[in-house]
Amino acid sequence: MNDVIVAISTSLGKGAISIVRLSGEGCIEIVNKYFKGRDLTKVNSHTINYGHMIYNNEIIDEVLVSVMKAPRTYTTQDVVEINCHGGIACTNKILEVMLLGGARLARPGEFTERAYLNGRIDLLKAEAVIDIINSKTEMSRKVSIGQLNGNLSEVIRNFRQDLVSLLANIEVNIDYPEYEDAEVVTINTIREKINYMNDKLSLIVKKSLDKKIIKEGINVSIIGKPNVGKSSILNKIIGENKAIVTDIAGTTRDVVEGTLNLNGVYLKLLDTAGVHEASDKVEEIGINKSLNLIKEADLILLVLDNNSELTDEDKRLLDLTKNKNRIIIVNKIDLSKKLDLNEENVIYISALNKTGLEDLRKKIVEMFNLDSINTDMNMFVNADDIAKIKKCLKIINKIKENINSIEIDMIDIDLREINDILGSIIGESYDEEILDTVFKNFCLGK
Ligand code: GDP
């Protein structure tokens, strides 16, 4: 792991400056072979040195070379960064010369992998680095930076310490019943701890979901049988003519997308083809898409027509979405009421007259607590991590259900599993597979 790796750390293309980065034992010497300026092997650590890169007595570029000696560097190894002029030809030439000089091309994410393996950052921070690279908005960048600062890792670490001491206590109780100094672990002590864990992990999941919302927005699917006014609603909410509105049933054949910013949170609205018996091939494709979008949506707006009685298709949609996050919209309230509905979470609107749209906005804000979301929290982003915590919560629930009827050593096994799962989040009981997936998502040169 100490061999010298090299990569272009900035994105290739036209830019004023590019950076070629090297890390590993001997990287300063490799660069020095092709550098005309001060002797880089003799300069102080953390200095920037002006000079030229030379190959075959020809100047490749005028450069600034940063020399950073171990261990106060990103990878904790010696690191050199060559700041050269941007542009593909020049940057590639320097990379090529470094390879000739004995460096090896870094795999994607290998710099960060080294930082992790050398204990400079934990797995969560490594993931945060990927997030920062991929951040699209200022708000999501702030959230990733929060994670990089590591507060969450601390929370998990403390949590595991707690668990380990409980486990140790249980095990002493089991293995050395005669040992009197150990606190006797009763079902009550376990119940107390389990409840505490449950509250804390549930809160983490909730905050993670809030964070996911900030970072990725809310996927909203508008569904309903043809002609109920889905496209009109999408247009009125968004305020532009994104969707085609006609009075011929089945016009919105493909998925139409619009976006809306609600309290700083990004709503992705998808208007879907009517879910009904397909009359032709194109429509069939649209309908399948609708069914998929029901699955993927964070929120479903199910539109019904105030001016017509409930049809079988409406009933089917009500049924398909009943366990989902959903708001039922009764549209066309400007027309006479023929719909007879007995449901909760209903908003009455007229897309034509623009009445009731504010109620809809308020309802969404309320449903997702958009008023109280804040960006300060250092909680998970990553769906994998949320899934892991949910798995812990499942095990906790199982313990809670059976606590009066199972043996303490069975609880011990469950608690161990929770400890392992939490460990895998911060990389304290990692396996190769996790590492591979985390680091292969990196840009080259990170
Ligand atoms: P979609 O097939 O569900 O997307 O429905 P559209 O948005 O294309 O609307 C179908 C028809 O209903 C169009 O002629 C719209 O003008 C009409 N429409 C939509 N909303 C309302 C409403 O609130 N009141 C009335 N009276 N007509 C509406």
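Modeller: Start at Ile-19: its bridge partner in β6 is Asn-83. β2 and β6 pair in the antiparallel sense, over 7 bridges. Two strands count as paired if DSSP finds at least two bridges between them. Helices (H or I, at least four residues) and strands (E, at least two) are DSSP runs, numbered from the N terminus.

Colleague: Before we go on, what kind of model is this, and how are residues numbered?

Modeller: This is a predicted model: local features need pLDDT of at least 70, side-chain atom pairs count only at pLDDT 80 or more, and totals for chains, interfaces and linings use all residues. Residues are numbered from 1 along each chain as its sequence is written, and side-chain values use heavy atoms, with hydrogens and water left out.

Colleague: Fine. What holds paired strands together in general?

Modeller: Strands of a sheet pair through backbone hydrogen bonds, either parallel or antiparallel.

Colleague: What is the strand order in the open sheet?

Modeller: The order is β3-β4-β5-β6-β2-β1-β7. That makes 7 strands, with mixed pairing. β3 (35-37) and β7 stand at the edges. Each has a single partner strand, so one side of each is left without a neighbour in the sheet.

Colleague: And β1, which strands does it pair with?

Modeller: β1 pairs with β2 (residues 17-23) in the antiparallel sense, over 4 bridges. There, Ile-5 stands opposite Ser-23. β1 also pairs with β7 (residues 104-105), in the parallel sense, over 2 bridges. In that pair, Val-6 has Leu-105 as its bridge partner.

Colleague: Are the faces of β1 covered or open, and which residues sit on them?

Modeller: Both faces are covered. Ile-5 and Ala-7 are on one side of the strand, Val-6 and Ile-8 on the other, and all are buried. Buried means under 20% relative accessible area, exposed means over 50%, and partly exposed is in between (1.4 Å probe, protein chains only).

Colleague: How far apart are Met-98 and Val-31?

Modeller: They are 67 residues apart in sequence. In space they are 6.9 Å apart, C-alpha to C-alpha.

Colleague: New topic. How many disulfides are there?

Modeller: The count is 0. The rule asks for a pair of cysteine sulfur atoms within 2.5 Å.

Colleague: Where do we see something else?

Modeller: Look at the loop between β5 (58-68) and β6 (79-85), which holds Pro-71. The peptide bond from Ala-70 to Pro-71 is cis, with omega near 5°. Thr-76 lies in that loop between β5 and β6 as well. Its phi is positive, near 70°. Lys-332 also has a positive phi, near 65°. Lys-332 sits in the loop between β12 (326-331) and β13 (346-348).

Colleague: Is Lys-332 buried, exposed or partly exposed?

Modeller: Partly exposed, with a relative accessible area of 23%.

Colleague: What about α8, mostly covered or mostly open?

Modeller: Mostly covered. In α8 (residues 230-238), 8 of the 9 residues are buried. Among them are Lys-230, Ile-233 and Leu-234. Gly-239 follows α8, with a positive phi near 80°.

Colleague: Last one. Which helices line the largest cavity?

Modeller: α6 (151-175) and α7 (187-216) each supply at least two lining residues. α6 gives the most, with 4. Phe-159 and Tyr-196 are among the lining residues.

Technical notes. 1 Å grid on protein atoms, 1.4 Å probe; cavity = no way out; pocket = protein on both sides within 12 Å on 5 of 7 lines; lining within 4 Å.
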